[in-house]
Amino acid sequence: MALQRNTGVAALRALPAVLPAARTFASQAGWFGHVPEAPRDPILGVTEKYLADANPLKMNLGVGAYRDDSGQPVVLKSVREAERRVAGSHFMEYLPIGGHRQFCEDSAKLAYGEDAGVVHGKQVAMIQSLSGTGSCRLFAEFQGRWMKGSKIYIPSPTWSNHHNIWRDAQVEEVIYPYYNKETKGLDFERMCDTLSKAPAGSVVLLHACAHNPTGVDPTREQWQELSKLMLEKRLFPCMDMAYQGFATGDCERDAQAVRIFLNDGHRLALSQSFAKNMGLYGQRVGCFSIVCEGPAEAKAVESQMKALARPMYSNPPLHGALLVHQILSDPELKQQWYGEVKEMADRIISMRTLLRQNLEALGSPHRCAGRLAWVSPCCCVCTSATRSCCGRMDEPWAGPTGSWAGHKRPLRRRSPRPAAGISSGQGAAPHSRLRTCPTCAKPAHPGRCPVLAPCVFRGPCHPTRIPARSWQHITDQIGMFCFTGITPEQVDRLTGEYSIYLTRNGRISMAGVNSGNVGRLAEAMHKVTSS
Amino acid sequence: MAQGPAGTPSTARPRQTGRKPVASGAHSAIDSARSPQVIIAPADAILGVTEAFKACTNPNKLNLGVGAYRTEEGRPLVLGVVREAERRVLADPRQDKEYIGTGGTPDFCRLSTTLAFGEGSRPLQEGRCATIQGLSGTGSLRVGGKFLAHFYPVKLVLIPSPSWANHKNIFERCGLATQTYRYYKPETRGLDYEGLIADLKDAPEGAVVILHACAHNPTGVDPTPEQWQGVLEVVQQRRLLPFFDSAYQGFASGDLDRDGAAIRLFADAGLELLLAQSYAKNMGLYGERVGALSVISSDAAVSKRVDSQLKATAFGMYLNPPKHGALLVTAILSDPELYAQWKVELKGMADRILSMRQQLFDALQEVGAPGDWSHILKQIGMFSYTGLTKAQVENMTNKWSVFMTMDGRISMAGLSGTKCKYLAEAIKDSVENC
């Protein structure tokens with residue numbers, strides 16, 4: 001029967017159907033009626049709500065994509081130039097499964113060092129991947145297949161998608177302590193303690209720099225200690241490096257953790273992303289590598305990496321790799337890029353400084369108790385302490401052993417007398433009397449605040465400076481994100497009352513902060529945390 | 001200087017100063033007593049052919065391996081519309097490199113489903129089609145497979161025999177069982193229709209069935225419209241779930257609607273189904289990895305939930321799809337002029353393939369190759385299952401430097417008019433002497 005040139009369906013419809021054109025669903029709801037709505041990714045949900053908000057003063061501090069000082073997305077000049085060179089000049093043939101080879105080598109040198117022995121010695125198994133996510137997913141699958149029985153140790157907290165990635169690859173996770181809520185810094189001791197108990201062969205996920213979401217990174221010494229600990233305990237490092245260059249502005253410096261581990265002789269896995277440091281978010285370009293014993297092992301491992309990539313997407317996208325290769329292989333463009341990355345990092349750092357300064361200018365950087373403070377067990381803000389017992393509101397906190405500089409004895413307070421039960425600056429303090437914390441409704445005891453305990457009491461009646469909310473962590477932390485310490489309820493107020501959008505864990509993307517909105521942000525943060 | 005394994009350069013002396021040698025505590029990726037030794041994976045059969053071709057020094061060599069279009073001069077081709085779309089995207093001042101949504105842009109998805117299912121398609125109008133941008137055909141199949149493994153009660157995928165090798169790989173990687181159904185009949189070098197229907201009738205109710213929408217890979221053998229009707233009936237009877245792989249729409253016959261007829265037949269019959277679309281061949285966007293996955297369900301509310309699950313699966317795999325290729329596709333499909341030009345260029349590619357088939361057939365007659373070669377004309381699309389045996393294929397490669405896959409598949413796209421005679425001679429020699 002000759003095939004008709006017109007629409008094939010018409011020909012088919014002309015034939016009688018055996019069954020009536022009724023639906024053939026397994027049930028009224030078909031095969032998929034039972035499929036539930038997937039839980040929303042918290043970060044995306046924030047952006048969606050932001051977009052729906054009509055307030056002209058709204059701020060999006062949710063997703064970690066860089067913005068310039070006018071709040072606009074940025075395409076780097078070096079990227080634009082690379083784009084111009086690449087457009088119209090190349091075929092769009094399939095890349096090999098492992099991707100663009102020169103791109104991989106450029107990436108490996110950027111991460112491991114231009115002269116890295118492992119790269120020149122062909123000891124690194126590497127394939128181009130779909131940005132950081134794709135690299136992590138490939139590693140998770142590799143771990144599931146070739147490191148059977150090993151668990152992934154994931155820091156708490158971490159980027160939410162890390163959990164999805166290893167779960168979808170069916171690798172069991174164990175959480176290790178990382179962030180210390182009280183100090184808003186690294187809980188190095190507990191981290192090492194947990195890791196030292198991990199069975200040999202366990203894989204440990206580490207953020208190479210600019211930890212997401214906390215911005216808290218180990219110091220150089222801590223990295224060195226961790227490296228030795230992991231060697232001793234035979235733990236396998238998986239480094240996620242999504243912000244090389246973006247943290248300090250210096251690519252070499254940001255890779256210090258990788259270099260330390262490499263120099264100590266670790267065999268490690270590395271996930272590299274060019275989404276942030278080259279602004280190539282949508283191009284999905286990254287590199288996944290594993291440092292192996294030697295070239296033979298590297299070949300075998302690389303072939304298995306490809307075997308995982310093939311049934312996932314066959315071969316990686318071309319365009320982003322071409323752009324990165326252009327930039328990294330051309331000395332001038334590379335220099336230009338280094339400059340642009342530094343600019344981005346510098347702007348972030350300056351926003352951190354501005355935000356902290358604004359916050360500290362707004363409220364007292366500490367509250368002078370002048371008398372006993374009632375501290376709540378739930379948070380670091382002593383909300384029951386009033387503001388101006390001694391009237392000295394603007395002296396910088398001189399630290400736990402600092403004296404009241406220029407202030408030998410408490411002045412007469414200017415504020416109304418406190419309610420009965422709170423002592424004055426002198427005299428015995430009724431520190432045994434219980435009060436209720438307005439924030440968590442738990443009994444508030446003097447000197448029990450876990451944050452302030454080291455700073456607070458040296459004696460029951462000793463008038464003490466108690467730091468109110470300290471914002472030092474804003475400048476101590478590094479990278480795109482700041483873990484403010486703001487509670488979920490306070491976050492809800494920021495969003496509801498001020499149209500400031502951030503994730504409920506209190507993480508803000510500093511990239512969304514600019515000189516135009518930092519003042520308003522500081523005010524809002526101050527308001528919700530001080531009432 | 002210590003030697004590594006024989007013949008390999010030593011890695012014991014690093015170039016970086018101050019670097020310590022490998023510490024005894026270093027834990028290799030494959031060191032754990034519990035892990036099997038990482039062995040080298042077998043080379044990919046299809047891509048291996050191209051590598052062997054590159055290494056060959058015979059000036060008459062012919063690469064009939066990988067399925068990427070080649071011009072008459074044997075060069076890759078970037079379509080004129082794609083170059084134009086590239087120029088427009090580059091020149092657009094609003095263009096940025098921001099993340100796109102996990103499911104791709106709504107425009108891209110809408111344009112893709114219209115292309116596949118047709119303008120007036122009922123599932124589209126009723127909001128029953130959930131679509132996400134996928135990483136070309138492979139990525140779309142993978143996300144679809146993962147979704148089914150998670151939510152679909154029957155964990156069995158029926159794959160035609162033969163099929164693209166990666167199908168089995170993909171679905172098994174999703175944790176699904178695979179089984180073949182009869183498709184190709186070596187005796188006729190055509191469709192084993194009776195075998196196909198019998199195997200589908202025998203399949204467990206609800207099994208997933210992979211259907212090549214057109215231009216079956218690797219055989220080039222497609223059902224006729226009547227046969228598609230028969231397949232539809234047995235799918236309805238056995239309540240099988242069709243999963244279409246559409247990698248050649250427009251590339252097979254040169255006509256987008258005609259090549260989409262099978263998909264539309266099933267969609268318009270009210271079935272739930274899945275579709276993986278690729279723009280690799282029909283827009284020549286191979287390396288940009290652009291495609292789409294669609295799931296048609298029973299109603300709009302279900303479809304919304306399905307959509308969220310597809311996105312959740314993609315999220316944990318690659319967060320969001322690559323932007324560049326999708327921008328090109330959107331530019332072409334949404335602009336009437338570019339769309340019209342694309343159809344012309346697409347037909348041009350399909351016509352060249354059809355002409356190669358004719359010329360090869362004629363050459364085979366001329367040289368007097370034994371046997372019936374009419375299947376070269378009856379088969380459609382980029383590939384042809386010649387019917388050559390393994391021994392014959394080896395002869396083709398070793399003696400004549402004609403590179404093709406061991407199953408006797410040739411890529412018509414790799415052929416040019418001037419080479420048809422040479423190829424015909426090679427075939428004649430192999431058939432007569434091996």
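**Reading a sheet and an interface**

Me: Which residue stands opposite Ala269(A) in β10(A)?
Reply: In this predicted model, Ala269(A) faces Ile290(A) of β10(A).

Me: In what sense do β9 and β10 of chain A pair, and over how many bridges?
Reply: Strand β9 (residues 269-273) and strand β10 (residues 286-291) of chain A are antiparallel, with 5 bridges between them.

Me: What is the strand order of the open sheet in chain A?
Reply: The 7 strands run β2-β10-β9-β8-β7-β3-β4, and the pairing is mixed.

Me: Why is one side of β2 and of β4 in chain A left without a neighbour in the sheet?
Reply: β2 (124-129) and β4 (173-177) of chain A are at the edges and each has a single partner strand, so one side of each lacks a neighbour in the sheet. From one strand to the next, the twist averages 25°.

Me: Which strands does helix α7 of chain A touch?
Reply: Helix α7 (residues 160-168) packs on the sheet and touches β3 (152-156), β4, β7 (203-207) and β8 (236-241) of chain A. The helix direction makes about 165° with that of β3(A).

Me: How many salt bridges cross the interface of chain B and chain A?
Reply: The rule finds 5. One of the salt bridges joins Arg173(B) to Glu141(A), whose closest N and O atoms are 2.8 Å apart.

Methods. Residues are numbered from 1 along each chain as its sequence is written. Chains are lettered from A and ligands numbered from 1 in the order in which they are written. This is a predicted model: local features need pLDDT of at least 70, side-chain atom pairs count only at pLDDT 80 or more; totals for chains, interfaces and linings use all residues. Side-chain values use heavy atoms; hydrogens and water are left out. Two strands pair if DSSP finds at least two bridges between them. Helices (H or I, at least four residues) and strands (E, at least two) are DSSP runs, numbered from the N terminus. Axes are lines fitted to C-alpha atoms, for helices over the stretch in contact, and angles run from 0 to 180 degrees between N-to-C directions. Contact means heavy atoms within 4.5 Å. A salt bridge is a side-chain nitrogen of Lys or Arg within 4 Å of a carboxyl oxygen of Asp or Glu.
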